[in-house]
There are 2 protein chains.
Amino acid sequence: MAFSIGVDLGGTNLRIAAVDEHGKMLEKITTGTDVRRERDQVIAEMCDAVRALCGRAAGELRGIGIGVPGIIDMRTGLLRESPNLPGWHDYPVRDKIEHNLGTMVVLENDANAAALGEFWLGAARDVSSMCMITLGTGVGGGLVLGGEIWHGMAGMAGEIGHMTIEPEGPPCGCGSRGCLEQFASATAVVRMARAAIADGSAPELARAAGQTPELSARMVYQMALEGDRAAQRTFDVVGRALGIAIAALVNVFNLPMYVVGGGVASAWHVFSPTLLEEVRRRSFVYRATAAGDTPMHGTHTIVTRALLGSDAGLYGAARLPWIEQGKSKK
Amino acid sequence: MAFSIGVDLGGTNLRIAAVDEHGKMLEKITTGTDVRRERDQVIAEMCDAVRALCGRAAGELRGIGIGVPGIIDMRTGLLRESPNLPGWHDYPVRDKIEHNLGTMVVLENDANAAALGEFWLGAARDVSSMCMITLGTGVGGGLVLGGEIWHGMAGMAGEIGHMTIEPEGPPCGCGSRGCLEQFASATAVVRMARAAIADGSAPELARAAGQTPELSARMVYQMALEGDRAAQRTFDVVGRALGIAIAALVNVFNLPMYVVGGGVASAWHVFSPTLLEEVRRRSFVYRATAAGDTPMHGTHTIVTRALLGSDAGLYGAARLPWIEQGKSKK
């Protein structure tokens, strides 16, 4: 049985998986390697871990896919921009690893890799096109159009987190104001909860925050689950902002599926009623194509949560060498 | 020389052109047929006009493309929704005309046809993907991705006019609020100018409006050209709203070109400074790829005005039979 290796450089620790061609995960390891450490060391430890994994897997290795947080020049395999991996800028990552391991290496933006994972094996496995929105520390996005990742002209497509939601909203690190990321990321959830605590409208959140060194989006989610109105209002803002963005995407793309993933998507059942109400109100294309009780893939617009959790990026990365191989056969 | 016929059903009068395969317009006629009249009569007069045009053109007719304001089922050639052509709903337009004229007929949404025209012969002739925004009575849009019109799942893609710009902005006929169409259409320009007159902030506009039975977007544009601040402020709103929408499209698609056309685009030099400033502020993807003094097609993001005016839809429609023929050869 042939297999490939998927690597996720997107989190704090380096994660690696061996996946067979049908999408069965053969083995998954989370290394102790902090990806924020020195570049050459991260790459050396990655290569060691891949070799160890290959030694244990039976079958032929077809290549390695790596999901990277940043903008990749798909042609040269250079990292053009990667705020979280500063030492990697314009470094020939792909060629170095190919040389070290002697096998095909494909780099991909981590949000695109997660979209590809959900497209291959997750929520969007039965449709031909999809849009994925990943809610983490920031908000990322990936597009699969007609079966292929849409990279855009310079590999920068899918920056859904920086669509404007409120033109005069909170300033964003990107230089704009009121971006989706300022309302729907884990960072935004914490900021909004802190603001509610500060203005006295969230006594329960204030109490909970007082008992912990650091308020997290997960805590706000837990409080919302327990019925705290202030915490729920925070997730109403998340749902409304996502709804405004997804309604625009439905109107512009008319895709069969929009998938919401990432850590904050754990709170899906808290914010999705607001999200779906907003999409319905703001998109006549959605209303004309919305699924009834029995959604039919490919004829209805489906807005749903991701299914693969944090493994989406690993599966998607592992899929990359197969796609690359298919292209070179053409 | 082989040629095709393009028909534009999108305006008030029926317009028809014979175009050769290189995009040279052989003849163009604007018939007296009001497209809002009874369906069968419009179709009969269209067929008569096409026959007359063919009689005069030397060469072989390869087919007819028709731009229609509405949503078309591309497979069946039925009009699924067309607010401006109420009697045409679910009528087999394509089959009837094919039968009447004995040649291939291709229907397309009129905004998509305009995009295809600019892509073939206009502003976007040197790029492989583009997005067109047409500012008329409403705001329409069309996408060409990798050389092909992107229809989406149900032929409803490209509804750029209904992206939300201001979540609590003016109500829109689509059921949402604050859509791009509410800020950047001719209708919106007139509404905003009337509001400025009503609140006393536009004395010159008030005087001009008093001398005419009906205030038009063109008049507001003329006043802006003559330096009237109130009229200019109206177009600042147009530019800002378009800038917010285009910034989102740049962030999501990373296309090489975004083209603004339609009647209101005549005021391009009045609203484009505000538009471009807003795109620059709101899209780091734009800033990373913006053209300098010498824009290079395909490596820079270009936001520009359409070149073909109201003929874009005619050219695009005439292109349709050629594309259809290419597909059937595959």
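**Interface area.** I looked up the area buried between chain B and chain A first, and it is about 3,700 Å². Carbon and sulfur atoms give 61% of that area. Buried area here is the accessible area (1.4 Å probe) that two parts lose on being put together, summed over both. In chain B, Met153(B), Val252(B) and Arg282(B) lose the most area to chain A, together 19% of what that side buries.

**Ground rules.** I noted that this is a predicted model, where local features need pLDDT of at least 70, side-chain atom pairs count only at pLDDT 80 or more, and totals for chains, interfaces and linings use all residues. Residues are numbered from 1 along each chain as its sequence is written, chains are lettered from A and ligands numbered from 1 in the order in which they are written, and side-chain values use heavy atoms, with hydrogens and water left out.

**Contacts.** I then checked which residues meet. Contact means heavy atoms within 4.5 Å. By that rule, 47 residues of chain B are in contact with 47 residues of chain A. Of the interface residues of chain B, 100% are also interface residues in chain A, so the copies meet through the same surface.

**Salt bridges.** I searched the interface of chain B and chain A for a side-chain nitrogen of Lys or Arg within 4 Å of a carboxyl oxygen of Asp or Glu. The rule finds two salt bridges there. Arg240(A) forms a salt bridge with Glu168(B), and the closest N and O atoms are 3.0 Å apart.

**Core.** I turned to the largest nonpolar core, which has 132 residues. Such a core is a set of buried Ala, Val, Leu, Ile, Met, Phe, Trp, Tyr and Cys residues joined through side-chain atoms within 4.5 Å. Buried means under 20% relative accessible area, exposed over 50%, partly exposed in between (1.4 Å probe, protein chains only). Phe235(A) is among the residues that touch the most other members. Leaving out residues up to four places away in sequence, the partners of Phe235(A) include Val189(A), Tyr221(A) and Phe271(A).

**His300(B).** Is His300(B) buried or exposed? I found it buried, with a relative accessible area of 18%.
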